Amino acid sequence: MHRNDATKQFHSGDDRIAELIDESPAVDLPIPDTDVPMVSRSVRLPLETYERVRAAADARGIGVTTLMRQWIEAGLADLDDSATVSLADVRRALASLAHPTAA
């Protein structure tokens, strides 16, 4: 059925459009990678900034949006002092205090 014909049937209240939909093959939709509802926002960045973010994401083996989300979440955690730090980072910081390097 042509798109225009389907549109006319839909607007005229013709029940055959429902039959057409029922007869259509199922479509495999992508499965979300998270159970948490996400909101998509557009951010305008200078090309150089975007390239730096992309390089940083590539170096970590993650996507650009994943890295940006991590940075935003870390920044928000800093705002309300709820930041979490890895145990390895704490150990390194303590070790550097115990054995300061000569300047």
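I began on the surface, where V85, L87, V90, L94 and L97 form a nonpolar patch with about 500 Å² of accessible area together. Patch members have over 30% relative accessible area and no salt bridge, with like charges joined within 9 Å and nonpolar side chains (Val, Leu, Ile, Met, Phe, Trp, Tyr) within 5 Å. A salt bridge is a side-chain nitrogen of Lys or Arg within 4 Å of a carboxyl oxygen of Asp or Glu. Areas are Shrake-Rupley values with a 1.4 Å probe, and for residues only the protein chains shown count as cover.

I note that this is a predicted model, where local features need pLDDT of at least 70 and side-chain atom pairs count only at pLDDT 80 or more, while totals for chains, interfaces and linings use all residues. Numbering runs from 1 along each chain as its sequence is written, and side-chain values use heavy atoms, without hydrogens and water.

Next I looked up V85, found in the loop between α4 (64–79) and α5 (87–98). Helices are DSSP runs (H or I, at least four residues), numbered from the N terminus. Is V85 buried or exposed? V85 has a relative accessible area of 57%, so it counts as exposed (over 50%; buried is under 20%, partly exposed in between).

Then I turned to E51, which lies in helix α3 (residues 47–60). E51 is partly exposed, because its relative accessible area is 38%.

Technical notes: Helix = DSSP H or I, 4+ residues; strand = E, 2+ residues; numbered from the N terminus. Buried < 20%, exposed > 50% of the residue type's maximum accessible area, 1.4 Å probe, protein only.
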